[in-house]
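Q: Could you take a close look at one single residue for me and then step back to the chains around it? I'm new to this, so please spell out the terms.

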2 protein chains.
Amino acid sequence: MTRRTVAVAQVGGIQPDEDRPAVVERLVHLLEEAAERGAQFVVFPEMALTTFFPRYWTEDTDRVDSWFESAMPNPAVQPLFDRAKELGVGFYLGYAERTDDGHHYNTAIVVDSSGGICGKYRKIHLPGHSDNRRDLRAQHLEKKYFEVGDLGFGVFDVDGLKVGLCLCNDRRWPEVYRVLALQGADLVVLGYNTPLDVPGWQEPPHMKMSTHLLSLQAGAYQNSLWVAAAAKCGVEDGSYMIGGSAIATPGGDILVQALSDSDEVVVGTIDTDYSEPFRRSVFDFEAHRRPEHYRLIIERTGRGEPVPAPIP
Amino acid sequence: MTRRTVAVAQVGGIQPDEDRPAVVERLVHLLEEAAERGAQFVVFPEMALTTFFPRYWTEDTDRVDSWFESAMPNPAVQPLFDRAKELGVGFYLGYAERTDDGHHYNTAIVVDSSGGICGKYRKIHLPGHSDNRRDLRAQHLEKKYFEVGDLGFGVFDVDGLKVGLCLCNDRRWPEVYRVLALQGADLVVLGYNTPLDVPGWQEPPHMKMSTHLLSLQAGAYQNSLWVAAAAKCGVEDGSYMIGGSAIATPGGDILVQALSDSDEVVVGTIDTDYSEPFRRSVFDFEAHRRPEHYRLIIERTGRGEPVPAPIP
């Protein structure tokens with residue numbers, strides 16, 4: 001049995017002129033509240049150190065550089081690492097990463113209670129577009145600013161718990177949870193930024209919350225694992241993003257959920273024992289899965305014609 | 001645009017001594033009500049012609065034979081085919097199939113409005129067990145009575161609509177909807193029998209309905225298609241099965257849902273246009289899916305160790 005108290009540290013809007021030290025101070029406050037409430041692991045959002053900059057088109061490389069971290073930890077973020085280590089709390093943190101050789105990724109790390117980075121993920125399902133849509137109040141340029149992640153979907157040992165990593169839009173893709181579950185993940189953690197204003201058509205605003213929660217609940221249930229998701233939310237530079245940070249159970253229920261759209265800590269205790277009966281019955285993968293019939297999932301990317309099927 | 005009025009014809013308990021003509025008469029009544037209410041296609045349950053016999057252990061081959069159809073249609077079922085053709089209504093029907101060469105499958109067919117069988121599916125995700133668990137009031141012997149289906153997950157043209165077929169427990173497996181969506185399915189149809197009494201552990205009774213609906217909603221949303229599911233439900237020979245027959249929308253909402261646990265028709269109008277904006281944005285598979293990172297889905301059946309991942 002692994003029992004672990006997990007906090008989801010939701011972060012309200014970060015304005016474009018808010019500098020790293022100010023943001024990190026907010027994160028440290030959330031971490032301290034989480035630790036006071038018994039949390040041993042804290043999930044922070046995607047791009048938790050900056051405003052959700054993919055809404056801006058720019059060709060000014062200095063401005064772009066200002067959004068990315070070229071080392072982790074770095075002096076501005078070090079106080080978060082230090083405080084977490086002091087408190088003996090692990091965490092997940094999303095940020096924009098620029099590598100030494102000039103690659104750009106939408107990245108998340110996990111840090112264990114001793115302060116070491118023990119897992120890393122670079123976002124694979126990048127939403128939005130890469131072209132300049134000038135007529136939009138807020139663009140969604142993840143496909144411009146980031147490359148598709150090159151590390152796959154990994155599961156890492158975080159203080160004895162098997163933790164799978166993903167980011168934001170990944171949560172809507174069932175392949176993600178499945179690949180993590182097939183590696184034995186007990187908990188999937190993710191941060192997200194989900195703006196209401198997006199380019200082109202998406203679901204109506206009132207469906208943003210239901211499809212978000214549905215995605216977490218389905219991923220948790222269909223894979224007999226826990227899911228903890230932290231939002232960056234509220235208003236950033238005039239653009240609204242949903243809250244709804246939550247922990248979903250292996251039964252597909254919501255264990256805890258944030259109610260605000262600002263800085264807020266929600267805490268829940270997860271227990272890997274609760275997953276076990278699901279894994280031994282309805283989701284006994286070894287007994288029930290039939291991969292020979294799933295090949296189209298990797299053989300096709302987009303929708304195509306029906307494979308001719310016999311009618312005996 | 002394809003607009004189609006679809007009925008889900010939920011069937012209450014079928015007792016072991018209820019013969020085929022009596023059952024077929026019930027199905028015809030449901031079909032007639034559906035047609036009166038404008039339905040052009042009717043979804044019947046899994047094993048819609050018999051009681052849910054996998055609850056019984058028997059080695060009496062005559063008794064087993066009595067549960068299976070060796071031809072479809074056959075004289076007992078012909079009145080359903082005839083009435084559907086008269087009314088110009090297509091349908092999905094689940095039944096236990098014995099082939100000429102002695103194979104046994106849990107099968108579903110689709111019949112178009114001209115009365116022809118235009119698609120067939122043999123269940124792939126068989127739940128339950130194959131051993132005799134004498135201590136149980138109701139067993140779940142699908143793995144004893146049926147072989148794993150050999151036709152894959154097919155999508156068929158039913159009067160101009162692309163319809164994907166599956167059965168019962170398949171609805172809990174995200175691979176099923178994905179394989180059907182990758183073949184362009186606009187509607188996934190399924191019948192189910194979901195008993196509360198099952199061998200070994202499963203989720204508590206109060207979760208049977210939430211996990212059922214969650215599975216339909218997630219499959220519909222994550223694949224931008226409609227899902228229509230029909231229950232056999234109520235009490236059969238002392239064993240209770242849930243109702244909850246429903247149609248889920250490409251937005252993950254429930255369009256209509258049965259409220260009883262007996263014979264009941266629910267009707268909804270689906271529109272393939274409603275799926276399109278989802279398919280062009282968040283679920284533009286061609287733009288966003290990354291099959292090179294999904295390989296574990298077919299390379300592994302059960303859960304295994306994490307694939308070693310770099311932490312650059």
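Here is a walk from one residue out to the whole pair.

A: This is a predicted model, where local features need pLDDT of at least 70, side-chain atom pairs count only at pLDDT 80 or more, and totals for chains, interfaces and linings use all residues. Residues are numbered from 1 along each chain as its sequence is written, chains are lettered from A and ligands numbered from 1 in the order in which they are written, and side-chain values use heavy atoms, leaving out hydrogens and water.

Let's start with Q222(B), which sits in helix 6 (residues 207–223) of chain B; helices are DSSP runs of H or I with at least four residues, strands are runs of E with at least two, and both are numbered from the N terminus. Q222(B) has a relative accessible area of 3%, so it is buried (under 20%; over 50% is exposed and in between is partly exposed, with a 1.4 Å probe and protein chains only). Beyond its neighbours within four places in sequence, Q222(B) touches R178(B), F283(B) and F285(B), plus R172(A) and P174(A) from the other chain; contact means heavy atoms within 4.5 Å.

Chain A itself has nine helices and 14 strands, and 63% of its 312 residues are buried.
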